[in-house]
Every structure is written in C-alpha cells, then in structure tokens.
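Have the model open as you read.

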Amino acid sequence: MTTESPLRFELQANDPACAARAGRLNSPHGETLTPVFMPVGTHGALKALTPRQVEETGATIVLANTYHLAIRPGEGLVEKSGGLHGFMRWPKTILTDSGGFQVFSLPGTKIDDHGVQFRYEKDGEPVELTPERSMQIQMALGADIIMAFDECVPFPCDEPRAERAMYRTLDWVDRCQVAHDRKDQALFGIVQGSTYERLRKKCAQEMIRRDFPGYAVGGVSVGEGLDLLKKVVGWTAPFLPEDKPRYLMGVGLPEDILESIERGIDMFDCVIPTRYARSATLFTFRGRIRLTNRRYRRDLFPVEPNCECYTCREFTRAYLHHLFQSDEILGHILASIHNVAFYQMMMRQAREAILEGRYMEYKEAFLKEQAKGR
RNA sequence: GUCGGCGUAGCUCAGUUGGUUAGAGCACCAGAUUGUGGUUCUGGGGGUCGGGGGUUCAAGUCCCCUCGCCGACC
C-alpha cells in the first residue's frame, strides 16, 4: 500500500564515493532542493528576521513548533488566519515539529502510554499532548510537512528504557496515522532507538512498514557528540527507502551536517545559526568567530569575505562588534541574516559537489578550512 | 570658620563586639549552547580599603593628623 502524499521527492544524484544524495522536494508551497537546511521559527517567527529577510538568505522551508503555538496563540487562531502560511506570511514550505522533543527539553513533564502532561508552563495553561492532539494541532496549523508525536529519550539512556520509548513511539505513530486525515499534508515517521544499533534498525524497519512519505531520524542532538551521531545515522539512513526524503532532526553544527549528508541525510533543522547569532557567534569558512571579542573592535573586514549576504556586503566586523557591545537589536538582525545565509550557502555548495560527484573532496576541504580558524 | 556625615573593584554598595588569603551585584574579559523561553549557565582579571602616623599578637574596623566630597550652622 502506498500512502498518497502532497509531497514529491525526486532523487537527482548519488555521490559515487559515499551515500550523499541530491534531490528535489516539491510541496504545495514550492520547491526545495536537497540537501536542505531548515531554519527554526518555533513560535511562527525566525527570531530577529522578517520573512522577506529569510527568503533572501535562500531558505525555502522553515520549521515551527506544535507545542509552543498550541499554547500561544492557540491553533484555532492560526487556522482562522489562513494557517501558519497566512498567519506568519511565509509563502514557502513549512514543517511543524510535533512537540515530542519538548518531552526531552522541558522539565517537569509526565509521560505515560496515553501521552504527555507538561506542568512547566509559566504563562498559559498546562498542556497535555497525545498523538491525537498533536495531529489535531498540526492539521490546524496547516504546515506542508508534519511530524509524528514521538518520545525522545535523553542521553545517555540505558537500553531497556530506550526500547520502551521506541515501542511507545511505534504505538504513537500508529495513532498519528489514524488521526491524520488531511491529504494536503505529509506526515513523517520518526526513527528512535537512542544509541543502540539493534533498536535503530528495528525502529527503521517498523517505520518503513508503515509507509511514510518521508522519514526522520530523531533522538539525536541530545548531547551524544559527533562520533555517536555518525554511528546512529550510519545505522539508520542506509535502511530507509531511497526514494523518500530523510530528515535528521535538530542537527546541527556545520561538521555534524556535512558528516550526515555523507551518510545519506537530506534534511536538517537546528536552532544553532539563529541562537548563536543572538550571542554574537558567527560562522565563517575559517570557523566560528565571536564578535564580542575585543580583537574585532577595529576589524574593518566583513564577517566572511566570501559571503554575499546583506550583512557581509554592507558591514564591518567592527560595526557588528559595536552593535553587540551597545545591545542594539540590529546586531541580532545582521548576525542572524549572516548565519542563516551561511548555512544556506554551505548547503548549496554541498549539493553542487554531490551533483558533480566530488562530495568527499568538498567536505574534507570545508572541514580543513574550518580548523584553520582555531 | 565650626559641627556632622561619607571616602572599600570601572560603577552601586556590604563588611559583625578588631580575628584566616577583603566580598556581592552590575560592567569588563573568555568559554558553553544541537526537533529555541531573545534566555541561561560556567570560568577569569581586577583593591597600597583616600593618604600618613599610632595603639595592638592582629586594623577596612579603634585613636591622631591630613586630603577630598556632601550637608547644617556662624
């Protein structure tokens, strides 16, 4: 049985030397070239950026969050506003996360087979999320891609607990499929299994059997580090269907992303470019720089000379240093523009390299250059 | 001129009846941040305790002189 999906994924190229792939992902809101990085706009906004500025970075898909939007402003209002696309005025593709990660990231949650109770809320009412409720919210929000409600365990996690969470995730994904009845949204399944090869493979098999238009690898970016991340991806990605997009959730740093592309991942999201931007940490081909450092006080060069973003075209490091020292909002804006643009540039280059069959060379050169900055 | 109050980190201040190596907040410097609460966390550099003298085993603390600022009164 094949689920009909509003998503079309076309594989364009496989790198001859590794599992890296280039493809095209079409949603009702346009085309996205893969591998792709999706900037995160949890509350229906990429912090510090207008949708126009986000588009100018080259991003064609962004992420928002079920849990946060259900609490405020409530999915009903969003639905009345024309869904997330109308509410936040982002015309391109949107993916919503299910709220599953908040089980891991928010303190004071109570979880059982039925669902999760969040007791942490400081403002707004305490919330309960179940697979059904998560689907209900995500259908109202109206994103093009929505995620199954899963249980994400912390790291480290012993195998029995990881296994219980994995089977609960499988049970919940069945309930998500039953509850999801909108044909203009694609529901992705999420592979869990912590850092255990046996569980990852089992979970991948079970997800594939349920036939989704795309598959995510979840339960990473919880503090496991690059070595384990590579292993987990290596145990999972090769078993996922070739003709469906593969999404590594919550990752990550440039090196995390490049290593995972090599292992066959197509989609990424992470708060790092935007969060780091707000604390003055900017990405360059020579590694990260921290603009608040005194050494940039009189630095009249752009953040990254080879970057064509608005920030790098127009402003010096010294000016950005000054903006951060003065707590000017513009510092956050310009830094966010650059970091998001930098990630998009990195993904374009990776894609080009795959299409030309030289991905490994590209990755090695990129990482070598990054190391020079240290 | 007289009387009173105050001088401790860049800033605002705490410092017990005299008792180890004088503290805090902010600022500054440097790290951390992975399906986001613009946060938060973790380190670090900084002091002739206005200056000088005295009492004492021991003084930021008590005494004397002196300098500066503030207030009140002549």
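Which element gives the largest share of the surface near RNA strand B? That's α11, with five residues. This is a predicted model, where local features need pLDDT of at least 70, side-chain atom pairs count only at pLDDT 80 or more, and totals for chains, interfaces and linings use all residues. Side-chain values use heavy atoms, with hydrogens and water left out.

**The RNA surface**
- β5 (61-65), α5 (100-105), β14 (267-270) and α11 (272-278) each supply at least two residues; helices (H or I, at least four residues) and strands (E, at least two) are DSSP runs, numbered from the N terminus.

**Polar contacts (pairs of N or O atoms within 3.5 Å)**
- His68 puts a polar side-chain atom 2.9 Å from a phosphate oxygen of RNA strand B.
- Asp256 goes for a base: its polar side-chain atom sits 2.9 Å from a base nitrogen.
- For Arg275, the partner is a sugar or linking oxygen, 3.3 Å from a polar side-chain atom.

**Inside the protein**
- Searching the whole structure turns up one cavity of 30 Å³ or more; a cavity is a set of points on a 1 Å grid over the protein atoms alone where a 1.4 Å probe fits but cannot get out.
- The largest cavity holds about 60 Å³, the space filled by probe spheres set on points joined across faces, edges and corners.
- Its lining residues (an atom within 4 Å of a point) include Phe155, Arg200 and Glu224.

Notes
Residues are numbered from 1 along each chain as its sequence is written. Chains are lettered from A and ligands numbered from 1 in the order in which they are written. A polar contact is a pair of N or O atoms within 3.5 Å; within protein, one must be able to donate a hydrogen and the other to accept it, and residues adjacent in sequence count only if both atoms are side-chain atoms. On a 1 Å grid over the protein atoms alone, a cavity is a set of points where a 1.4 Å probe fits but cannot get out, and a pocket is an open set with protein on both sides within 12 Å along at least five of seven lines; lining residues have an atom within 4 Å of a point.
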